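Got your viewer open and ready? Let's take a walk through this structure, one selection at a time.

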Amino acid sequence: MSNPFARIVEPLDPKQPLKKFFNLSKLEDVRYARLPFSIRVLLEAAIRNCDEFLVKKGDVENILNWKVVQHKNVEVPFKPARVILQDFTGVPAVVDFAAMRDAVKKLGGDPEKINPICPADLVIDHSIQVDFNRRADSLQKNQDLEFERNKERFEFLKWGSQAFKNMRIIPPGSGIIHQVNLEYLARVVMDQDGYYYPDSVVGTDSHTTMIDGLGVLGWGVGGIEAEAVMLGQPISMVLPEVVGYKLLGNPQPLVTSTDIVLTITKHLRQVGVVGKFVEFFGPGVAQLSIADRATIANMCPEYGATAAYFPVDDISIGYLIQTGRDKEKVMCTKKYLEAVGMLRDFKNSSQDPDFTQVVELDLHTVVPCCSGPKRPQDKVAVSDMKKDFETCLGAKQGFKGFQIAPEQHNTVVKFHFEGRDFELAHGSVVIAAITSCTNTSNPSVMLGAGLLAKKAVEAGLTVKPYIKTSLSPGSGVVTYYLRESGVMSYLSQLGFDVVGYGCMTCIGNSGPLPESVVEAITQGDLVAVGVLSGNRNFEGRVHPNTRANYLASPPLVIAYAIAGTIRIDFEKEPLGTNASGKKIFLKDIWPTRNEIQAVERQFVIPGMFKEVYQKIETVNKSWNALDAPSDKLYTWNPKSTYIKSPPFFDGLTLALQTPKTIEDAYVLLNFGDSVTTDHISPAGNIARNSPAARYLTSRGLTPREFNSYGSRRGNDAVMARGTFANIRLVNKFINKQGPQTIHFPSGETLDVFDAAERYKQAGHPLIVLAGKEYGAGSSRDWAAKGPFLLGVKAVLAESYERIHRSNLVGMGVIPLQYLPGEDAGTLGLTGRERYTIIIPEKLKPQMNIHIKLDTGKTFQAIMRFDTDVELTYFHNGGILNYMIRKMAS
């Protein structure tokens, strides 16, 4: 039998003899045909890019024996076809590249070797904020203010687009990175150098997985790892387990794709899929549009998997045509996938692969739901929302509790706004945002929201004027079909004007609330609510004044905005009363699936995609007018508070430094479960009493000029001070929420940065203690860079989210994990001890190492360097140091 993993080159079409394709298998080996489709794409990329396919144990037989290989440490060097970046992660990546060029030059190498060798697209979508809303000129005013605040960052990115080859910048105002990727950038099958092969991608944003809905294998990585990929370094990964998620049945008429993904998120968090692939199959998949599948794939980070893959089928091919892709290329894509046995028919069970594990969901069992108030996996049926929120009010402080005293549950605070009197109470909605790539990419829910708005306006319903409403689509296509279908004016009448094309509220760029609203919330110590169609609702992320935040479909966002409170039972209570005194219920205005589909068929057409995307790189006049330097080496401005050469490579030599035992480390912070990257490195506003604010004030800036932490990721001085600066941080050393800790030598309670500085000045190393799911959430590399700059040498946690563990490895911070069945409680750790972490001379992946305490206690932990390549990075002090030495030598 021929080797099914040999590279076989065959003509695709006799009429096009020069057009050839990579074919992993003629399907002669039945075992190969039974591999999950996502693994086939992964292996094809590994074979295509690497001379030696298997780096470590195992061979072709191991791979084909799928059930066996999952229990072996078989590594594959994955080189994706493309890299995508957004500006919050893209700016620090370009800053690192610029600094790496300087470092290579100092070591005697050619600085221009620091250059992407694979296509990299950077979409500017994270900078715009909701400063203006509920006015016709909100979009223009927000975009103008975005340029005013971020001109220096944008000039730097424009320099990068000129200084580096293979790097394309998509200007601000174009849309959200993942929606632009789905509608425009993704190829599904690459056609390069005369060969066809599957498209694959990694991105510096955790929701890169959205593209898996179109059959492109992709996932998020930290900026550090992405930089190495762009420079030609493969991602070395242990071949993952693949959980097969079987979808059955048809969704109920009132159910949206948002309801489906929130249901799946809770389900898969319970199953446990961290570090695994999830691949969807079964006849229920055929009932889902590509936008529906993309919505499900988008929230992959929220259920913890690496990828959430939908193989390509005829619906995928139809989507490529609908979105204006070249028909001839689409037909070649289909022919290629048919030829290599990778075009899926979800109704044909004989094509079902073998999976590590299979779980099922009957789509007919899904009901309308939201998730919250503090985590995306905490799903609540809409019918239970009122009761659930009221239970949360009195529950103990935690993911489902606010610990409000019973006698305060009905607190009401009166306030004055725009000449009228209003009242706020616990559960009052103050932010209602249709936002994020998760939902705005889906015409069914966006048109559903528009039709609901139309019926609401016609029924005489309104939204209270103090509620901060907004609509931030993921691309200009959305505005196009909302306008053409005639629903945009109704959305505007309810306050949902287009305020910008970017992530906005979903990443905390919510802008300010009215002062009178903030005063009322503060006065009553109210649990005010944000409702958004986003993917994350972690504490302190959406807005400092919304302690409860719920993820919901766009139509439900509007419904809760009209109701003005989360404490409503839609089945029993009316949304409101119109001018004639008639009570209007949600069921009276909710559009049917047939209504929505009819409008979608009529107005979501290829022409609008072509019109929007053919001018995407040139339409922004402010971007076109930016003047950027053309030098290959960047000239750093010492006065800049946005762009600064980082200290990561100071003193770097070609010779390696042997890793040393960490002696007598203090614990900087002691955490429980589900500490997110938002807790570690917030993206939102810079508090006026924070170390970062004090630094910026010392540089002559006023609070109005602070901007956000996300916008200042090109300046390590700000970001180090912003590390662990989230106002909702819960540190076991402190009896209240806040970004503070105890400096044990003095016994003082200090801001985290100030405590770390004192430890650093005294020469004391630091560690962090944590519980389960440490580093959940966004893929931000500053959640690893920041602790590194604070002097954190290691983290000891019960478990890690995949991307954050990789980022720690990339920065040379040791990820340690308790042995199974052990944790801080079982070991009697208080965090007040001093820790000596013994680093052996000879290291191997996932080895157990010894930790000694100053109390005399000794225990073991797993050193979570999972591959030999990760150990190589550790010996180099991090992945970027490794790449600099490689390029310089």
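Grid points are joined across faces, edges and corners, and a volume is the space filled by probe spheres set on the points.

Two notes on ground rules. You are looking at a predicted model, where local features need pLDDT of at least 70 and side-chain atom pairs count only at pLDDT 80 or more, while totals for chains, interfaces and linings use all residues. Residues are numbered from 1 along each chain as its sequence is written, and side-chain values use heavy atoms, with hydrogens and water left out.

**Stop 1: colour the domains**

Give each domain its own colour: domain 1 (6-47 + 57-63), domain 2 (79-238), domain 3 (369-611) and domain 4 (662-681 + 723-888). These bounds come from an automatic or database domain assignment.

**Stop 2**

Select Val238, Gly275, Arg805, Arg864 and Asp866, the residues nearest the centre of the second largest pocket, which has 42 lining residues. The pocket holds about 1000 Å³ of space. Next, highlight helix 8 (223-230), strand 11 (235-238), helix 30 (802-810) and helix 32 (868-875), the elements that each give two or more residues to its lining. Helices (H or I, at least four residues) and strands (E, at least two) are DSSP runs, numbered from the N terminus. Which element gives the largest share of this lining? That's helix 30, with six residues.

Check your domain colours again: domain 2 and domain 4 each supply at least three residues of the pocket lining. Sorted by class, the lining has 18 nonpolar, 14 polar and ten charged residues. For this sorting, Ala, Val, Leu, Ile, Met, Phe, Trp, Tyr, Cys and Pro are nonpolar, Asp, Glu, Lys and Arg are charged, and the others, Gly among them, are polar.

**Stop 3: the cavities**

How many cavities of 30 Å³ or more does a search of the whole structure find? Eight. For the largest cavity, select His126, Asp205, His207, Ile507 and Arg541, which lie nearest its centre among 25 lining residues. About 190 Å³ of space is in there. Helix 5 (87-106) and helix 7 (177-185) each provide at least two of the lining residues. The lining of the largest cavity has eight nonpolar, eleven polar and six charged residues.

Now hop to the second largest cavity, at about 110 Å³. Pro301, Ala305, Glu801, Arg802 and Ile803 are nearest its centre, out of 13 residues in the lining. The second largest cavity lies between domain 2 and domain 4, because both give residues to its lining.

**Stop 4: a record to look up**

Select residues 693-818. In an unreviewed entry, UniProt lists this span as "domain: Aconitase A/isopropylmalate dehydratase small subunit swivel"; such annotations may be inferred rather than shown by experiment. The end C-alpha atoms of the span are 37 Å apart, and 32% of it is helix and 18% strand.

**Stop 5: Val792**

Zoom in on Val792, in strand 30 (residues 792-797). Is Val792 buried or exposed? Buried means under 20% relative accessible area, exposed over 50%, and partly exposed in between (1.4 Å probe, protein chains only). Val792 comes out at 2%, so it counts as buried. Beyond neighbours within four places in sequence, Val792 is in contact with Leu668, Leu766, Ile767, Val768, Pro787 and Val813.

**Stop 6**

Go to the peptide bond from Gly372 to Pro373, which is cis, with omega near 10 degrees. Pro373 sits in the loop between strand 16 (369-371) and strand 17 (379-381). Then try Gln403, a non-glycine residue with a positive phi, near 55 degrees. At 51% relative accessibility, Gln403 counts as exposed.

Methods: On a 1 Å grid over the protein atoms alone, a cavity is a set of points where a 1.4 Å probe fits but cannot get out, and a pocket is an open set with protein on both sides within 12 Å along at least five of seven lines; lining residues have an atom within 4 Å of a point. Contact means heavy atoms within 4.5 Å.
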